[in-house]
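Student: Could you go through this structure with me? I'd like to ask things as they come up.

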Amino acid sequence: MKINKYIFLSLLAAFMCACSEDFLTKAPEDSINTANFYKIKDDAISAINGAYQPLQWPKLYNMRMWTTDIMAGNSIVGAGGGTDGIETQDEANFVTATDNQGVLDLWRGPWPGILRCNIILQKVPSMNIDENLKNRILGEAYFLRAHYYFILVRFFGDVPLQLVPVEPGDNLYPSRTPKDQVYQQIIADFSQAISLLPPREQYTGTDIGRASKGSAAGMLAKVYLTLGNWQRVVSLCDTVKNLGYKLNANYADNFDPQKENGIESLFEVQYVGGAGYDFWSNENQSSWLSTFTGPRGSNMVEGGWGWNQPTQEFMDAYEQGDLRKDVTVLYEGCPKFDGMDYKKSYSMTGYNLRKFLVLRSIAPSYDNNPMNFPVLRYGDVLLMKAEALNELGRTAEAQLPSSDDNATLNKVRARAGLPDVSGLGKDDLREKILHERRMELAFEGQRWFDLIRVDNGQYGINFLHSIGKTNMSTKFLLLPIPQKERDANPNLSQNTGY
C-alpha cells in the first residue's frame, strides 16, 4: 500500500482540516457537511487512507520514534554537533524540560490520526457499501486508533481518551484519562481489529501493506507484553504463527526497499520515492532515515547528515559472529557500501547506522527515499513469546533448539549465525532475551519501550546508570506533558517531577 496510491479527494482534504495539531483545544473549523461526503466506497477508502498518513510524519515514524534509540543509549545524536538535535540530546541526557520540541512532536503526532479514525468509526457503519469492505475499513480504523493511543500511553501515561469526533460545543478541554482505562480501550480496539481485518494474503496490488489480522494480533501481543499478561502474549504469538508469518532467511531482507511487506513483516509504515511533495512538510511521503543517518561527509548516500551514531558500548554488545552486525552498522573494515569503504572519521563515535541506508540507484536524491519503516516483525513476535514463556516458568520451552518448529529465541539466534542457548535459569534467560531484543531490533524504535516496561522501569534505570547516564530516574520513565498544551488546556495535569 504505497502511500502515493492514496487518493485524497479535495473534499476530504478540506474536511480533514479539523485535524490540526492542537485540535484537542480548538473547535473544528471545517465548513464541509460530512453527510455529503460519506456516500460511496471511494469516500470511505480515501478516509481510511488519510488515517494512516500521520504515521508517516516526522512527529512519529519519520523521526521521533526512531530517535528513541538515542534516548535508550544505543547511539548518540551525532549530526552536525553543537545544538543540532538539541531536543534529542536533552532527552538522551535526561534533562528533558516541558518545552522540549521532540516531546511536543510526540504528543501532537497521534491526535490527528485518532480524530480521523473516530470520524470513520462514526460515519462508515451506516454507509451502503460492500460489507466486506466496510468491515475491513472499520478494522483498519480500530487498529490505527489503538496504535496511536499505544504510542501516547507509553510515552505519557494518562492521556485524554477521545472516542468520538470533537464537535463545536463539545468539551474542548478534556482531562487525562487514567492509563489503565486507556489500555483497556487499546485492547478492545485491537481485539475488534482482529475480528474485522482480513489476513494479509487477501491484500493484493496497492492494498498490500494495510493493517491485517496478523498486524492486530501482533500489536495486541505487544500490549500484553507491556502489561505483563504473559499467557495472552503466548496465545497471540501463536495466532500470528498460525497465520503463516515466518522469518526471512536473510536478516537484511527486512531493510531492503525492494523486498518490503515480506513474509516477516506484520506492519510497516509505507513510504515512497518521487511523490513530489516538499521534504519538510507533513505531505512528504518519502522516508527521512537514509538522508538523516547516512555518514556525514562520506558521499555514500544522498543527504548523509550523520544522525544516530552507535556507541562503543552498543558495538561491544555484539556476540562474535553475529551476522546482524554488518547489516546494522558501519565500522572501519566492514563490508563496502555501494562500493565505498567506511572511515571512522565520518562519525563522532567511529560508527554509523547502516540498516536504513538506501543506494543512490534507488534514492537518487535526498528527498526520494522509498524505504518503509518496520513497526512490527515476526522476529519480534518470536522474542515476545520467548520472554512470556520464561516469565510463565516454561523456561526450558523458551530455549527449544532452533531445529524445533516451536523454537522462539533460538530461531532468531540461528538466523543471526549464533549458537543455540540452552540450560539457562529464569533470571539469566530473561537477560539473554532482552539482550537479543536489543540486537535484533536495534534502531527500530523498540529498545526504549523495553527499558521502561521491565520491572516497572527499574531495568532501564539500572542499565542507563551502568552506561553513565546517571541523571536517569523514575521521573523520566514518562515524558512531560508539553507546557504549550497545558497552557491551552488547563485541565491537563503534569506528570510527577516536571
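Student: Which residues is W448 in contact with, leaving aside its neighbours within four places in sequence?

Tutor: Please keep in mind that this is a predicted model. With those neighbours set aside, W448 is in contact with T68, M71, A72, F94 and F155, and also with L464, M472 and F476.

Student: And which residues have the most contacts inside the largest nonpolar core?

Tutor: That core has 145 residues, and W448 is listed among those with the most contacts inside it, together with Y61, F143, F156 and I186. Helix α7, which covers residues 131-156, gives the most to this core, with 16 residues. As a general background, nonpolar side chains in soluble globular proteins tend to be buried together.

Student: L464 was one of the contacts of W448. Which residues of α18 are buried?

Tutor: In α18, L464 is buried, and so are Y459, G460, I461 and F463. The buried residues of this helix pack against α3 (68-71), α12 (312-316), α16 and α17. After α18 comes G468, which has a positive phi, near 95°.

Student: Where is D455, and what is its phi near?

Tutor: D455 sits in the loop between α17 (447-453) and α18 (458-466), and its phi is near 55°, a positive value in a residue other than glycine. Its relative accessible area is 55%, and the cut-off for exposed is over 50%, so D455 counts as exposed.

Student: What about D338, where is that one?

Tutor: D338 is placed in the loop between β4 (329-330) and β5 (352-353), and it has a positive phi too, near 50°, again in a residue other than glycine. With a relative accessible area of 41%, D338 is partly exposed.

Student: Changing topic to helices: at what angle do α14 and α16 pack?

Tutor: Helix α14 (residues 378-391) and helix α16 (residues 426-440) pack at an angle of about 165°, with their axes 10 Å apart. Angles over 145 degrees count as roughly antiparallel, and therefore α14 and α16 are roughly antiparallel to each other. Their crossing is left-handed.

Student: Which residues meet there, and how do they divide into nonpolar, polar and charged?

Tutor: On the α14 side, the residues include L383, M384 and E387, and on the α16 side they include L429, R430 and I433. The residues of this contact of α14 with α16 divide into 6 nonpolar, 2 polar and 8 charged.

Student: How do α2 and α6 cross?

Tutor: The axes of α2 (residues 41-52) and α6 (residues 111-123) come within 8 Å and cross at roughly 155°, and therefore these two helices, α2 and α6, are roughly antiparallel to each other. The crossing of α2 and α6 is left-handed. The contact is made by A47, I48, G50 and A51 of α2 together with G113, R116, C117 and I120 of α6. The residues of that contact of α2 with α6 divide into 5 nonpolar, 2 polar and 1 charged.

Note on methods: Residues numbered from 1 in each chain as written. Predicted model: local features only at pLDDT ≥ 70, side-chain atom pairs only at ≥ 80, totals over all residues. Heavy atoms only, no water. Helix = DSSP H or I, 4+ residues; strand = E, 2+ residues; numbered from the N terminus. Buried < 20%, exposed > 50% of the residue type's maximum accessible area, 1.4 Å probe, protein only. Axes fitted to C-alpha atoms, helices over the stretch in contact; angles between N-to-C directions. Parallel < 35°, antiparallel > 145°, perpendicular 65-115°, else oblique. Left-handed = near helix turned anticlockwise from the far one by under 90°. Contact = heavy atoms within 4.5 Å. Nonpolar A, V, L, I, M, F, W, Y, C, P; charged D, E, K, R; others polar. Core = buried A, V, L, I, M, F, W, Y, C linked by side-chain atoms within 4.5 Å.
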